[in-house]
Amino acid sequence: MRHLLIVLSLFMALPATAQTDVKTVTSEGGITAWVVEEPYIPFIAIDIAFRGGNALDNEDKYGAVEFMVSMLEEGTGDLDAVAFSNEQKRLGARFGFGSNRDSVEISAQVLNENRTESLDLLRRAIVEPRFDEVAFARVKGQLESSFRSDLEDPGTIAGATMNMLAFPKHPYGEPLEGRLAQLQALTADDLRTAHKNALAKDRLLISIVGDITEQEVGPLLDTLFADLPEAGAPLPPEADYRLEGGKTVVEIDNPQSIALFMHEGIAFDDPDFFPAFVMNYVLGGGGLTSRLSTEIREKRGLTYGVGSYLASYDLADVYAGQVASANEDIAQAIELVKSEWARMADGGLTEDELQAAQRYITGSYPLRFDGNGRIAGVLTGMQLNELPISYIQTRNERVNAVTLDDVGRVAAKLLQPENLHFVVVGDPIGLSTQ
């Protein structure tokens, strides 16, 4: 999910970020990083991503990559989990490890005075995790508990059902039940295989921000990553979207129903993505000011929240959203979503809506480049989405270049009210599956 949030947050960048001087540095060992020198505070932030993520799980080993990543902070070499944590504290270092459907992501913030020791500790965690029995059993228990909670959470059930219907027989559509059953069968050797498959140089992306020079970056990169495998497991194929318009109801005893809705979307690198993004801000991406919120929340009081978003994943592109309402109101809320989808497809935006959206996207609630870690995360997000460094300078211009005609054309092509599929979880009244 972090990948997706970074994608969306790129559209909220301040014009001031145009002054960010990003350089590309390649080490003697052939490892490349994006670097911003910020010498004012004596520490550096490193953001690391490996393409592939949870989608690299083998068909009978769903959950292995996520489990493996959870074990990276559980010790290395002669340091068990407690000793590893204490060593971070002693050095004043902070590490983070996570995974999503498209990438494994690692972050680090280290003080310059302890840089050598801190980076050696990070290297060992990445390259030489322990996978010892005590930590393995404890983390497996934590993951099993989390999965069981997911099996009872309406929002998680809705998302898993939608993915399973949209992307059958693909890692994007893996069922929750399967993940739990396979997690219980995973062994430490399965995690070692997942480690080798996912953490390799051929899918490595790096950003470094802070008190460091270009000359220092190359040796740092080789120190951190030289011992990784040259290549990991092949990336999965594109995910074919298989859903048609209609409704799927998952009945559970709940005082309200959650409805997810989705149809095919638009690729992040499509020339029409910017008009689509501006359009979606008005339709459902603008919070309380959006058309969906105005019609469903403000005028009728059917929900506390409704929204839509464009999701451009590595292997699929979707246009999706969510609304929650009382069981007796969810049918009406769904019909209003469909009618607003159709209204935008037929008429596009007004001039006032276009200008308000452009002002907000380019100015209000900006993504603030107010810390080395956040800058590094955004730069890695740009690399994951194959954006050039120049995007920082050109992004606002592309937003402001969107015209009413652009939005009208893209809305007519992209919005497909007849193909919206709704997955409803709860005890909805007056709603039949179609």
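**View 1. Helix 6 supplies the largest share of the lining of the largest pocket, six residues.** This is a predicted model, in which local features need pLDDT of at least 70, side-chain atom pairs count only at pLDDT 80 or more, and totals for chains, interfaces and linings use all residues. Residues are numbered from 1 along each chain as its sequence is written, and side-chain values use heavy atoms, with hydrogens and water left out. Helices (H or I, at least four residues) and strands (E, at least two) are DSSP runs, numbered from the N terminus. Among the elements that each supply at least two lining residues are helix 1 (2–9), helix 6 (154–166) and strand 9 (306–312).

**View 2. The largest pocket has a volume of about 1000 Å³.** A pocket is an open set of points on a 1 Å grid over the protein atoms alone, where a 1.4 Å probe fits, with protein on both sides within 12 Å along at least five of seven lines; lining residues have an atom within 4 Å of a point. The volume is the space filled by probe spheres set on the points, which are joined across faces, edges and corners. Of the 35 lining residues, R101, G159, A160, N163 and Y313 lie nearest the centre.

**View 3. The second largest pocket holds about 420 Å³ of space.** Its lining has 20 residues, and R51, Y313, D314, L384 and E386 lie nearest its centre.

**View 4. Helix 4 (residues 115–127) crosses helix 9 (residues 214–225) at roughly 35 degrees, and their axes come within 8 Å.** Axes are lines fitted to C-alpha atoms over the stretch in contact, and angles run from 0 to 180 degrees between N-to-C directions.
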